[in-house]
Amino acid sequence: MLFTSYKFIELVLCLFAAYYIVPRRVRWPLLLVFSYVFYWLCDPKYLIFIGTTTVTAWGATVLMGRADAKAEAYLKANKENMTKDERKAYKKRLASRKKLFMVLCLLLNLGILAVTKYTNFVIANINTFLSKGNAIRAVDLIIPMGISFYTFQTMSYVIDCARGTCRPEKNPFKVALFVSFFPQLVQGPISRWNDLSKTLFEGKPFNASDFGSGLMRILWGYFKKVVIADRIITGVTMLISYPQIYTGVFVFCAMMFYAFELYCDFTGGIDITIGIAECLGIKVTENFNLPYFSKNIKEYWNRWHITMGTWFTDYIFYPLSVSPKMLDLSKRSRQKFGNGVGKRIPVYTSCFLVWLTTGIWHGAAWNFIVWGLMNFVVIMASQELEPLYAKFHGRFGLKEKSGYKVFEIIRTILLMSMIRMFDCYRDVPLTFKMVGTMFYKFNFNRLTDGSLLKLGLSASDYYVLLAGLVIVFSVSLYKARKGTDIRSALRGKTALAGFVMAVLFAVIIVFGAYGDGYDSSQFIYNQF
Amino acid sequence: MEGNTLKRKHSRIRTAAVIALVVAFLFALMWFLQCLLMPKYMKGIIEGAMTAEYYDSKEPHEVIFIGDCEVYENISTAELYRKYGISSYIRGSAQQLAWQSYYLLEDTLRYEKPKVVIFNVLALKYDKPQKDTYNRMTLDGMRWSSSKVDAIKASMTEDESFIEYLFPILKYHSRWNELTSDDWKYLFSHDRVTTNGYYMRVDIRPQKEFPPAPRLTDYTLGENAMSYLRKMASLCRENDIELVLIKAPTEYPYWYDEWDAQIVDFARKWGLTYINYQDLKDEVGLDMTTDTYDEGLHLNIYGAEKMADHIGAFLVENYDLTDYREVPEVAALWEENLRFYDDLRAAQQKELDEYGELRSWGIGAVEN
């Protein structure tokens, strides 16, 4: 079920009405019911998967909690009888038992994720490797909606419980709601238990100001998604579907169109999610912070899909970096290559593995894997070139000049957009080929020969897109300059906020690219 | 303390008032946009305006025709009145499906109780919803009632949503880039497009040979469509209305003998009159070289008047109908209808004489 489907909107409106009618203590159970209804409406079979994840996560964490409680009681009772070493050994045994629960839970859930999402990818590669066409047949597997998001979110909870940074929740229904909270099921963010649980089960009383603010954020999300992303996607699809026609300057157009589409689609979806949560008095972690204002790729990844980035950092990069094998590698590489290079090898190895898994997580295709590795290469290269940049900046004093900052921002957008082309084209070689045409095929004249009007976008569509992007840019610029968003500035100004929302609503309804629309060409007179 | 409470109370009232104003503004804005974006059907494809036009009609109707283009293009209501004093109305629209006809009849009975209902059976060939655009032309103009809700539910294709009928702007929003001056001109008003549901054409394009009728695997008329015919017959029976079934004289789209036999059987079982005008073309006096405007698919005014002459005679002979020419209040209203009819005829004839074809009417007509 898409955010833009009538069913979803109807479900959310019903939830808003019901949520504030029922007593506070039953609000979170109501939310759980709605979340499961949402998932059931998408496909009843999905419930088996999310149910398994929930039960195993709850089971594993409860066992961890019990082990903790038992250990605490044992240690308390034997406080005097045990030596320091005995206590240490006991705690170690406890930790390894908790680790066992965690590993079993991770194996099962990541196994489900791997099987559902990657089986056919593996089969296709085996077939290619054996050069035997379809020797092994692809299997028809269900890929539950949002499985990557809810699996990662749930695993973070299990790992945190094992680490002791999070208290295991005894109530399985609360865990079920944490896993299935439906607004964030589709495209994240990947919340952490300690953040989301603070407000998820609270059932806050109705607050008109928060509700209005949430509503405005939902509208803003729909504006970006429906007016811009869902309109420009027609052009992107056309440009990438016919690579033999759309080369050179059109690849650049596809690259920029896709950059706008992805930004508006993803941030719009997150705005809708966070807005819905805000209307319910629930605080969901922010996932974006003006990514297109980043001056380098590292900064970009701190601002784009933040919860995914921190997930990989906390649960892959850090554990990998401090793992015995990596520490051993660090020691050996320092001995062999000296401190300078030797120090970097384990860091870069961890980084490589993080980007590899990030790529795999994004999708079951080589395109995504190469995309991940391209990010790794660019980040590493810019890190290696850092001293050179510093020297350059020091000599010419450009760093603080606003013109240079704009250059850095544009450079980052172009670089990221180019890497992202791996999302678009059919396969990796084609992506390289098409991106290559941008640098030798200078068919700029095609931009003015009407070709852009043959992409399924009319002139008026381009005007709407232009106006929409100017609005999005202005709102972002306001936030970048003032450090706060427009919604905060409108808080307390009921009339102005209401007027803005009414106009935004009308704009979405009229200019949104949704529904089948009305096509007078469908009339065939003699078929009356 | 008391002052603070009072202040808070005032502030809450002010906030509530502002919210109410904003909501009112939003509703007004959306209503205006909806009026603007909905197709007006005033030129070219005017069929979309027919359903709603019925509600403007002031005179009583003793005969109601129900069906698709085989009634609204083939029978002149003006001629029926002029020649026999029969006051009739055609509740027809483009590709009006059997269930839509049933619910339009149900809707009609909310406003008046005719003596005779005449249903054209061609639509029974469709057993499932067809195209959303045709659905909208028939249903958008219906006034809201349980009949409209049921008609929508029965008509929706898989891709349609009820909410788009409830708020048509959700369907028509994409028209923002194709608005014409007509959309502004007819924002809150509309012109008349038919004479009591009759769609006039004065041009002539003789019938040509149709492609051979394709063989069907199953000639049974669909159960869904037939169930609505039964419902229609029951509704008429409950309301003491005579239901007459007809098949228009036009030969295309095909009306198979096997289908005809099923209708004959149905009429016999229910004690209804069924007239297949395909067999009575000579009796009616139809000449398909001069009485059709689109190569035999539909009749023009000459054919429609001949059909009215024949069907009028049948009605007068078999049913106790009022000669409304003798009822001054109704006659006065019909004078207006006839004036519209004659003026439209003259205007079309003038254009036909001038250009040799109709440019302001029909699907090719360009909106301003």
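**Questions about a predicted two-chain model**

Colleague: Are α4(A) and α5(A) roughly parallel or roughly antiparallel to each other?
Modeller: Helices and strands here are DSSP runs numbered from the N terminus (helices H or I, at least four residues; strands E, at least two). Helix α4 (residues 84-130) and helix α5 (residues 147-163) of chain A pack at about 170°, with 10 Å between their axes; the axes are lines fitted to C-alpha atoms, for helices over the stretch in contact, and angles run from 0 to 180 degrees between N-to-C directions. Angles under 35 degrees count as roughly parallel, 65 to 115 as roughly perpendicular, over 145 as roughly antiparallel and the rest as oblique. α4(A) and α5(A) are therefore roughly antiparallel.

Colleague: Happy with that! What does pLDDT need to be for local features?
Modeller: Residues are numbered from 1 along each chain as its sequence is written, chains are lettered from A and ligands numbered from 1 in the order in which they are written, and side-chain values use heavy atoms, leaving out hydrogens and water. This is a predicted model, where totals for chains, interfaces and linings use all residues, side-chain atom pairs count only at pLDDT 80 or more, and local features need a pLDDT of at least 70.

Colleague: How many residues of the contact of α4(A) with α5(A) are nonpolar?
Modeller: Contact means heavy atoms within 4.5 Å. On the α4(A) side the residues include A:M102, A:L106 and A:L113, and those they meet in α5(A) include A:F152, A:M155 and A:I159. Ala, Val, Leu, Ile, Met, Phe, Trp, Tyr, Cys and Pro count as nonpolar, Asp, Glu, Lys and Arg as charged, and the others, Gly among them, as polar. Four residues of this contact are polar, two are charged, and the nonpolar ones number 13.

Colleague: I always ask about cysteines. How many disulfides does the structure hold over all chains?
Modeller: A disulfide is counted when a pair of cysteine sulfur atoms lies within 2.5 Å. A:C279 is buried at 1% relative accessible area, and its sulfur is 15 Å from the closest cysteine sulfur, in A:C14, so the two are too far apart for a bond. Over all chains, the number of disulfides is zero.

Colleague: On to chain B. In what order do the five strands form the open sheet?
Modeller: Chain B has 15 helices and five strands. Strands pair if DSSP finds at least two bridges between them; five bridges join β1(B) to β2(B), four join β1(B) to β3(B), and five join β3(B) to β4(B). The pairing in the open sheet is parallel, and the order is β2-β1-β3-β4-β5.

Colleague: Which strands stand at the edges?
Modeller: Neighbouring strands of this sheet are turned by 20° against each other on average, direction ignored. Two strands of chain B have a single partner strand each, so one side of each is left without a neighbour in the sheet: β2 (88-92) and β5 (273-276).

Colleague: How many residues of strand β1 of chain B are buried?
Modeller: B:V63, B:F65 and B:G67 point one way from β1(B), B:I64 and B:I66 point the other way, and all are buried. Strand β1 (residues 63-67) is thus largely enclosed by the rest of the structure, with a buried count of five of the five.

Conventions. Buried < 20%, exposed > 50% of the residue type's maximum accessible area, 1.4 Å probe, protein only.
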